Amino acid sequence: MIKCGLDLGGSKLRYGVSKNLIRVMDSKVLEIEPSAPVKEYASDDTLSDFVIVKHPMTSLCGRRFVRGDALDNYRGDVLFCDNQDSKCNQEITYINAAYGIAQDCVLNYYNAQEVQVTACIPTAEYFSEEGLIEKFKNNLTGEYEIKFPRINQLVTFTVLPGNVTVTPEGVVAAYHYAYVDGFARGVTLIIDVGSRSTDITVLRNFKPIGNSAVSRTKGGMNIISIVRSSLERDSILLNSDEIAYAFEHRYIIQDGKLVDVTDIVSNCINVEDAKAALLDKFGIATSTDVDNALNKYYIRQGSGFLDITPYVTKAKKVFCSSVKNDILEVLSTDMSSLASVNNILPMGRSFFGDVSSPDNMASILMQTLYPAQDGEDKHRAQLYADISWSLGNIQEIMNVVDGTSGN
């Protein structure tokens, strides 16, 4: 039996084999004609072209998709997670789930396997009274056949009834602190910023208060939009994809040129980890290198580059100001206030970086929620930032799968 974890994000699909083996890929796919030619040159990834022959969600059967670099070589309809509808209601959610499992089957030479899935969905959907958990389970439960035309391989697998476990996004990441007394007791605020939406959840004595969980249609895409508008006002014309690329990649500067260190530092959770990783790769890591890799945003332009960090920091401040209003609304639903919050757990790739940096969004959020008054922070909650911003949900899902959550 395959035991896997799924974090079906709006921008990234994260497929967990174990806590230490997480496969991350873009969530966006392009639907193409089933009869379209197989293009060997479309992508180095031979699994980027796939056909859903059989799926529990019958509307997906017989449809063909490409992803990654292959999108640039075909014509079709782009499918992505829309923040105007629940994730559990969207086909792209189940396309990505099927693809993640099928890819794992090919890479590990599995076939005709039973699969046990543990996945997370937005907290507002998890606690919804519209039956979205059951809908999510039903759309994943059944028989699958996925074909990969470029390798002429068909894989089959089955998710039996009862083999889908669902957890709420953000809340599952909090399991990491289950045995931390200061976190497990009192009031905890979880702010999970995704690409398409922001989930806000209140825990009281480590139990989520479902009636106050909300999902707001604002996320990383809104920060990108704010940055783009600010750049345009300064006559710097960039499209959203270029800015999104800058958000997803980390750099240091060597000999006046950008060196991509995304794979080296993307899972580092503090300055010490980043410095050690850079030292291991380059043999040297200055404080400027670490600051660039963790906190700065660059775009390549011609033979040089543009530092857009000031624009990003400004956008983060606007975003956090808006999120603060949502947080106050959520707390008021539970007859609470910011003064009653003991712990704050931010989640999501937008928070990546050094929390002591004024450019870091976790730092900006805390300053927005608790503006300094006469140097006093007596009502300031404890920020928990020693967890992977982007992989926290899926890593803790895999701990749930392995039975080691909270350890």
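The following legends describe close-up views of a predicted model.

Residues are numbered from 1 along each chain as its sequence is written. Because the model is predicted, local features need pLDDT of at least 70 and side-chain atom pairs count only at pLDDT 80 or more, while totals for chains, interfaces and linings use all residues; side-chain values use heavy atoms, with hydrogens and water left out.

Asn343 belongs to strand β20, residues 343–347; strands (E, at least two residues) and helices (H or I, at least four) are DSSP runs, numbered from the N terminus. The relative accessible area of Asn343 is 2%, so the residue is buried (buried, under 20% relative accessible area; exposed, over 50%; partly exposed, in between; 1.4 Å probe, protein chains only). The side chain of Asn343 makes a polar contact of 2.9 Å with the side chain of Thr188, and also reaches the backbone oxygen of Phe183 at 3.5 Å. A polar contact is a pair of N or O atoms within 3.5 Å; within protein, one must be able to donate a hydrogen and the other to accept it, and residues adjacent in sequence count only if both atoms are side-chain atoms. Not counting residues up to four places away in sequence, Asn343 touches residues including Gly182, Arg185, Val187, Leu189, Ala381, Gln382 and Tyr384, where contact means heavy atoms within 4.5 Å.

**View B. The buried side of helix α6.**
Helix α6 comprises 14 residues, 220–233, which should span 20 Å at 1.5 Å a residue; the end C-alpha atoms are 20 Å apart, in agreement. The expected span is 1.5 Å times one less than the number of residues. Gly220, Ile223, Ile224, Val227, Ser230 and Leu231 are the buried residues of α6. They lie on the same side of α6, because they cover an arc of only 130° around the axis, the arc being that of the directions from the helix axis to the C-beta atoms. An α-helix has 3.6 residues a turn, so residues three or four places apart point the same way. The cover over the buried residues of α6 includes β12 (187–193), α7 (240–248), α11 (309–333) and α12 (361–369). After α6 comes Ser235, with a positive phi near 60°.

**View C. The salt bridge between Glu169 and Lys87.**
A salt bridge is a side-chain nitrogen of Lys or Arg within 4 Å of a carboxyl oxygen of Asp or Glu, and the structure holds 18 of them. In one, the side chains of Glu169 and Lys87 meet at 2.8 Å, N to O. This pair links distant parts of the chain, 82 residues apart: Glu169 is in the loop between β11 (164–168) and α4 (171–174), and Lys87 is in the loop between β7 (77–79) and α1 (91–107). Glu169 is buried, at 9% relative accessible area, and Lys87 is buried as well, at 5%.

**View D. Arg216 and its partners in helix α11.**
Arg216 forms a salt bridge with Asp326, with 3.3 Å between the closest N and O atoms. Arg216 is in strand β15 (residues 214–216) and Asp326 in helix α11, 110 residues apart. Asp326 is buried, with a relative accessible area of 8%. The side chains of Arg216 and Glu329 also meet in a salt bridge, at 2.8 Å, N to O. Because Glu329 lies in helix α11 and Arg216 in strand β15, this pair ties together parts 113 residues apart in sequence. Glu329 is partly exposed, at 43% relative accessibility.

**View E. A network of salt bridges.**
Salt bridges link Lys12, Asp26, Glu248 and Arg349 in a network.
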